[in-house]
Amino acid sequence: MRYLPLTSGDRSAMLAAVGASSIDDLFVDVPAEARLDGPIPGLPNHASELAVERHMAALARQNRAAGDGPFFLGAGAYRHHVPSSVDHLIQRGEFLTAYTPYQPEIAQGTLQMLFEFQSQVARLLGTDVANASMYDGSTACWEAIVMARRVTKRGKALLSTGLHPHYRSVARTMAKYTGDVLVDGDPSLDAGTDWAALAQAIDKETSCVVVQYPDILGRIDDMTALASACQSAGALLIAVVTEPVALGAIKAPGEMGADIVVGEGQSLGVGLQFGGPYVGLFACKAKYVRQMPGRLCGETVDANGKRGFVLTLSTREQHIRREKATSNICTNSGLCALAFSIHMTLLGEAGLRQLAAINHGRAKLAAAELAKVPGVSVMNRAFFNEFTLLLPTAARPVVHKLAEKGVLGGVSLGRLYPDNDGLANGLVVAVTEPVTEDDIAAFAAALKEVLA
């Protein structure tokens with residue numbers, strides 16, 4: 001949005017047009033005690049467009065871009081190489097249709113893309129059906145919890161301690177308004193998940209069990225036994241995937257019995273982008289499709305027998321009776337879903353598996369090199385491209401000192417769990433395909449120096 005300052009003459013003309021003698025007249029309905037009586041402390045006064053541009057550019061130069069040096073940040077948002085062809089193709093005219101594809105005759109490009117996106121997501125997550133995307137992974141996780149409530153008519157969700165704390169926070173915020181009871185807690189710095197304990201904790205009030213795969217500490221476990229325990233108790237198993245590239249190397253949650261699989265699709269086709277916009281993934285077993293939030297695109301034929309695409313399900317109150325609506329989700333992350341789908345198409349199954357192998361190989365190399373630093377150990381028995389280091393001191397100040405040396409060396413658990421001193425020495429490290437052997441060597445050298 002351009003910077004459009006107003007002159008005094010502009011203001012006078014606008015006030016005259018609405019019949020006001022001063023700007024204060026526009027706020028007569030606001031109680032005097034609620035109005036500002038002067039400038040806001042700390043905010044500068046009016047400046048020219050040129051001055052504002054210079055100031056903002058100076059602030060931007062204080063940032064360190066992901067590509068400026070060794071980068072090992074992850075914990076739910078990952079730096080992957082996105083081919084330039086993705087950005088080129090998403091701008092093609094076939095996809096520049098109406099924002100909401102209610103009129104299929106003029107939105108075939110968008111509808112076909114979403115249909116193919118759904119097919120890719122369902123296959124990737126190992127489920128029967130997927131919707132046309134959600135806003136992001138955290139809100140998709142919450143929508144899965146309330147979907148489980150609709151299906152089971154129960155109101156208690158068991159959240160794994162390995163679930164991303166930001167996802168937990170979103171669920172806690174939303175549960176205040178729905179009455180859902182959430183049972184959760186922080187992880188511990190050992191090598192195992194809490195999935196066996198979750199299976200034991202399921203009772204007749206449990207609507208669902210929510211696990212992350214791989215989890216916030218990078219741990220990987222088999223959810224088959226947990227899925228069986230959920231099924232026996234009439235509860236649903238919800239699996240959350242924040243790194244979809246991992247599914248090129250490890251078994252899909254749906255194949256292990258997960259009823260609903262949700263996640264964040266940012267890793268494929270979507271850059272880090274300062275935290276958004278991203279694209280939420282949502283998939284489930286076919287028998288629950290009518291309880292799935294969002295929209296679902298389907299394939300059909302027209303009056304002449306030619307293949308076409310339409311919105312098959314869009315179960316919100318705008319389209320059906322409010323009491324039958326599954327959510328108020330009214331759209332999807334169309335552009336990011338398109339980028340995801342194009343990147344997946346360019347990779348293909350073999351390419352995705354190769355990408356996953358590269359990620360895992362470099363993560364193994366990094367884990368081995370970093371474990372050589374005195375006082376440092378790797379917590380995980382198994383991991384994909386992300387693992388947790390145990391440092392001999394609190395990780396948060398270490399991260400800041402590494403940044404001063406030009407290395408973005410991971411996400412400290414002290415940042416994710418500021419009130420849990422038992423996690424303070426944990427450092428979550430992500431290693432993706434842009435990371436080089438030189439980056440790993442620089443990280444190890446800087447960490448050794450900082451800890452000396």
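1. Let's start with helix H10 (residues 395-404) in this predicted model. Its buried residues are Ala 395, Val 398, Val 399 and Leu 402. Looking down the axis of H10, you find them within an arc of 100°, so they line one face of the helix.

2. What do the buried residues of H10 pack against? Their partners are strand S12 (411-412), strand S13 (426-430) and H12. On the face turned away from that buried side, H10 carries the exposed residues His 400 and Glu 404. After the helix comes Gly 406, with a positive phi near 85°.

3. Now the aromatic rings: the count comes to four aromatic pairs. In one of them, Phe 72 and Phe 443 have ring centres 4.6 Å apart and planes at 40°; a pair counts as stacked under 30 degrees and edge-to-face over 60, so this one is tilted.

4. Phe 72 and Phe 443 link distant parts of the chain, 371 residues apart. Phe 72 sits in the loop between helix H2 (49-60) and helix H3 (84-89), while Phe 443 belongs to helix H12 (residues 437-451). Phe 72 is buried, at 0% relative accessible area, and Phe 443 is buried too, at 1%.

5. Another pair is Phe 115 with Phe 309: centres 5.3 Å apart, planes at 50°, so again tilted. This pair also joins distant parts of the chain, with Phe 115 in helix H4 (residues 108-125) and Phe 309 in strand S9 (residues 307-314), 194 residues apart. Phe 309 has 3% relative accessibility and counts as buried.

Notes:
Residues numbered from 1 in each chain as written. Predicted model: local features only at pLDDT ≥ 70, side-chain atom pairs only at ≥ 80, totals over all residues. Heavy atoms only, no water. Phe/Tyr/Trp six-rings, centres within 6.5 Å; stacked < 30°, edge-to-face > 60°. Helix = DSSP H or I, 4+ residues; strand = E, 2+ residues; numbered from the N terminus. Buried < 20%, exposed > 50% of the residue type's maximum accessible area, 1.4 Å probe, protein only. Arc of directions from axis to C-beta. Contact = heavy atoms within 4.5 Å.
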